[in-house]
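Welcome! Take a moment with the picture before reading on.

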Amino acid sequence: MENDLPRPVMQNRITRDDILFSLKSFAAAMLALYLAFRLGLPRPFWSLISAYVVSQPFSGTTRSKAVYRVAGTVAGAVLTVLVVPRFVGYPVLLALIFSAWIGVCLYVSLLDRTPRAYAFMLAGYSVPIIALPILADVSQFSEAMLFEASLARVEEIVLGIVCSALVHSLVLPKGIDRTALERLDVVLRDVRQWVWDILSDNSGNSKVELHRLSQTISELRTLVTHLSFDTSNIRWIVGLVTELQNRFSTLLPVLATVRDRLEVIRREENGVLPEAWQKMLLAMRDWIGTGDSGDMGRVVVLQKEIDRIMPVIRPGAGMREMMYVNLGMELQRLLNEGERCFDLRRQIDEGMAGKTPPIARRPVKTSAVSLFVDRRIALVSALAAGLAQGLSCLFWMVSGWPNGVSVPVNAGIYCMFFASLDNPLPAIRLQFIYITLSTLTAGLYLLLLLPSAHSFEMLMLVFAPFLLLMNILMVKPATAMRATPFMILTICSMTMFDTGTADMTTFINTKLSQSIGIGMSLFCTWMFRVVNVTAVTRRLARHMWGDIAQLGDASRVPSMIAMSVKMVDGISFLVPRLTQLEKPRHLAVSDGLSANGILSDLCIGLNMARLLRLERRLATSGVRVRPLLGELASYYREKAAGRPVARERIRGMLDDLLAQTADMTGGSLQKMAVSALSGIWRDLFLHEDIVPDMPGQAGDGRGRMLAAGGQ
């Protein structure tokens, strides 16, 4: 197996796929605009905008976005029809309702890290978009007018969405399957590369970093959420792909543990392991090199060989033997999880060929609850968006500025768009700059080119150069943040042509009010969302420590997979922030936090869960682990609260429990208990230089093995 495998590179040059995507998006937008004109819809350019907003390079993501955009728009329209007529005479109260609605929708969307989040966001800002232009002249307001405007908004948006989904699904559709499978293979290749390196004693030069791998796994999860909407066979095997992702998450702590135990044991053994262990590691290395062959016999042989060479724990056994048991059990988990991953990958290939058994075709629903969420960031973001919406509404009402309706329309929207970022200010500021620059292009089209187009064919020719080029730039990572606001706000200005208000005065007023609205979102975001990266990192870490603390009080054994998925997902949140903290100016405030340290905490949590599973069986042998679990829960609870914690009681309990398990009759129960307890010991005291010998066993070397890894 090669040590330096080629890695995918993000391409920013224009490709044939980019040009094809732009042509399909243009065709869908023009089809939507043509049908809107023919159907006599009042705001046909909304169809054009919607077609572009939902267009994505992959047909699956386009259809996913289309479904949730329709759902969000309909929900917003329904709320508008139900609420606005009842409070139209109370403008301040109505502004508060708009603020609360946007805040609640944004909060829920940030807690739901699936495509459904897009529906909540659309439901939030659809209400002011529909209602506020009608409220510009309250003297002309009527429920019938509001209902017609809401219905028209839904019709125009649905028309654009349907046209976009049809064109991208029927005309040379680009499935997301190949990209998703390539990403799966990248993770699988990285896992194999890591195992190869560590079993070859080459981990110091490995090209793979485990905590970086967690980011790749979480990014893959976001991509896979769109698979059920894809046009390829992969939509029938979403359950298999989701399970493979989950297995990747369970592999991560196993890989971290195996790496650490081998480093400690090699250091203790002066770099030379016993011959039987060397042969076994070489056999495992050969297995990982050809692990996709489907030969389960090799795995069974390796499992038995590990059982044979693991030392038998007898009374008086030292930490050296216990570390070997811990290593052996983790290697067996590595074999089991690795073979399961290879098997799932083979099943996915069979599914893509239409051979998957019906039971494997059932999609597995992954709840957003099992993923990591930051409720504080969600709440603060919701408050910022709600305040921006409320203040802008009051400003518009007090000013009596009819064309100032774009102030409240834009203020809440731009707070919502970038709420998931730690610091949305740079992104909103960039949007403000390019929206301002789009004024010239919008004015050129609105005041000169569109009035000169006397047929739909001429209209297409007028739009083609701008839309085709900008749509290509929108999908390129290097230009997307600039091209998107420039293009979308330009075509949003075309709605003035729908209403017959395309004159210089109205245009200038509208553009000015848009700028004020975005400025309002900048101000409110600055008030609430300028965060300290160190504080965010500490809070994320404490949240995960709190989850581990709950294990000590648990009455039921948690799912190992669910726990690994959530914690690995949390580590993927921490990695970019910790990278930023590693810059020289931040070194003094990192509090020793590291992705590897959090990974060790995850391993402790998994071993706590294993002890929970063994609790009743151990109790029959007189070994009671509940006090230790309670003490560990208190330790992590204090750690999450930011208070200093002492670990002497935990060390004493571990000493006693390891001595008790050493007195047990050998067997699988003893091995599992010894592995879990010694694993907790090693991971808990990972960074200590001195770990004393256990009581009653002075000088037997149990502590020395643990101390070696911390030097």
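Let's begin with E243, which counts as partly exposed because its relative accessibility is 22%, and the cut-off for buried is under 20%. Keep in mind that this is a predicted model.

**Salt bridges around E243**

- Side chains of opposite charge can pair when their charged atoms come close.
- E243 pairs with R340 in a salt bridge, where the closest N and O atoms are 2.8 Å apart.
- R340 has a relative accessibility of 27%, so R340 counts as partly exposed.
- E243 also meets the side chain of R247 in a salt bridge, at 3.9 Å from N to O.
- Here both partners sit in helix α9 (residues 238-268), four residues apart, which is about one turn of the helix.
- Is R247 buried or exposed? With a relative accessibility of 17%, R247 counts as buried, because buried means under 20%.

**Another pair, and the overall count**

- D260 and R261 form a salt bridge through their side chains, with 2.7 Å from N to O.
- D260 counts as buried at 11% relative accessibility, and R261 counts as buried at 1%.
- How many salt bridges does a search of the whole structure find? The search finds 24.

**How α9 and α12 pack**

- Two packed helices are described by the angle between their axes and the distance between the axes.
- For α9 and α12, the angle is about 155° and the axes are 9 Å apart.
- The two helices are therefore roughly antiparallel to each other, because an angle over 145 degrees counts that way.
- The crossing of α9 past α12 is left-handed.
- The residues of this contact comprise 18 nonpolar, five polar and eight charged.

**How α14 and α20 pack**

- Helix α14 (residues 375-399) and helix α20 (residues 504-529) have axes that come within 9 Å and cross at roughly 140°.
- That angle makes α14 oblique to α20.
- α14 passes α20 in a right-handed crossing.
- Which residues meet here? On the α14 side they include I377, L383, L387, L391 and F395, and on the α20 side they include I516, M520, C524, M527 and F528.
- The residues of this contact divide into 13 nonpolar, three polar and one charged.

**A closer look at S564**

- S564 lies in helix α22 (residues 560-581).
- Its relative accessible area is 2%, so S564 is buried.
- Which residues does S564 touch, leaving aside those up to four places away in sequence? The contacts are S249, T250, P253, L602 and L606.

Technical notes
Residues numbered from 1 in each chain as written. Predicted model: local features only at pLDDT ≥ 70, side-chain atom pairs only at ≥ 80, totals over all residues. Heavy atoms only, no water. Axes fitted to C-alpha atoms, helices over the stretch in contact; angles between N-to-C directions. Parallel < 35°, antiparallel > 145°, perpendicular 65-115°, else oblique. Left-handed = near helix turned anticlockwise from the far one by under 90°. Contact = heavy atoms within 4.5 Å. Nonpolar A, V, L, I, M, F, W, Y, C, P; charged D, E, K, R; others polar. Salt bridge = Lys/Arg side-chain N within 4 Å of Asp/Glu carboxyl O. Buried < 20%, exposed > 50% of the residue type's maximum accessible area, 1.4 Å probe, protein only.
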